[in-house]
Amino acid sequence: MAMHPLPIDDRRQRRRRRFRRIPVRTLAPNLITLLALCAGLTAIRLAFESRYALALAAIVFAAMLDGVDGRLARFLKGTSRFGAELDSLADFVNFGVAPALIVYFWGLHDLKSAGWIAAMAFAICAGLRLARFNVMSVDPERPAWAANFFVGVPAPAGAIIVLLPIYAVFLGIPRSPFLIWLTLAYTLAIAGLMVSRLPVFSGKRVGTRVPPEMVGPVVIIVVLFVALLIAYPWILLTVGTLAYLVCLPFGWLSYRGYEHRSRDSRVEAAPASATPPAPVAATVVRTSGNEERPSRLN
């Protein structure tokens, strides 16, 4: 049979269906993710040029953008599978590869192969941490209260706290061989925390709703935080890192409390569900032949 070409109007309609317009609410979070990726790549370049202050600023900027893109996508209802995959790839570069290279160029390269192994282990653990997060986020058997916790230190937080030795040097601590070896052990410890099973408080459900009377104080606190971060970056980052590390055991204790309450509620619900139903008395129907048989129960 001869193949007749489609009319021009039909071909245009098919082309329009194939290339649908992307709404801005879906595009905006992806643009922020790409901007964070540019910040992470720029941090690597700055570290290679020994401009560590600007490299750390780029990592902090990328972490701030990472905290915005997901919330913006949920607020605009512009979440997509493409955005989730792009966010994971950007996080691996920004909070796995970039911090590892910054620490290596800063001091671990003095230890040669041992320093490179530590930096590489941190980057690999960050990748494993992100892969596990993607898998666990779609686990249907996970209880609802578990959404309040991360499993292991999240990658953005790991990137910020692994740079603590550099903050300390900017505060005046001398850069000695002992500090370099301590940095190697510290880098491996943070890498282990990222792939560990330690419950870490996520804070995702905190601050989703702000009472009207608290809008002013919240705005003032945010402005003061940004001003302090610009004026005293190393002090604020050092204090924040130490406070985060100190609070890790409290997240574990809170997780255990949730587990105990969940287990107790299941134990209390089990006897109620295991109680056998009351027996139903079968009615007796007499037939004309004086035979007794139970009536059919539906």
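The expected span of a helix is 1.5 Å times one less than its number of residues. Keep that handy, and keep in mind that this is a predicted model.

**Exercise 1.** Find out what helices and strands the chain holds and in which order they run.

*Solution.* Start with the tally: the chain has 10 helices and four strands. Now walk along from the N terminus, and you get α-α-α-α-α-β-α-α-α-β-α-α-β-β.

**Exercise 2.** Compare the reach of helix 5 with its expected span.

*Solution.* Helix 5 covers residues 113–136, which is 24 residues. From first C-alpha to last, helix 5 reaches 34 Å, close to the 34 Å expected.

**Exercise 3.** Work out which residues of helix 5 are buried and what they pack against.

*Solution.* First pick out the buried ones: G115, A118, A119, F122, A123, C125, A126, R129, L130 and R132. Next, look at their neighbours: these buried residues pack against helix 4 (81–106), strand 1 (149–151), helix 6 (155–161) and helix 8 (177–195).

**Exercise 4.** Decide whether D69 is buried or exposed, and find its contacts.

*Solution.* Locate D69 in helix 3 (residues 52–76). Its relative accessibility is 5%, and buried means under 20%, so D69 counts as buried. Then look around: leaving aside residues up to four places away in sequence, D69 touches P29, I32, T33 and D87. With T33, the side chain of D69 makes a polar contact of 2.9 Å.

**Exercise 5.** Find what share of the chain is buried.

*Solution.* Of the 298 residues, 33% count as buried.

Methods: Residues are numbered from 1 along each chain as its sequence is written. This is a predicted model: local features need pLDDT of at least 70, side-chain atom pairs count only at pLDDT 80 or more; totals for chains, interfaces and linings use all residues. Side-chain values use heavy atoms; hydrogens and water are left out. Helices (H or I, at least four residues) and strands (E, at least two) are DSSP runs, numbered from the N terminus. Buried means under 20% relative accessible area, exposed over 50%, partly exposed in between (1.4 Å probe, protein chains only). Contact means heavy atoms within 4.5 Å. A polar contact is a pair of N or O atoms within 3.5 Å; within protein, one must be able to donate a hydrogen and the other to accept it, and residues adjacent in sequence count only if both atoms are side-chain atoms.
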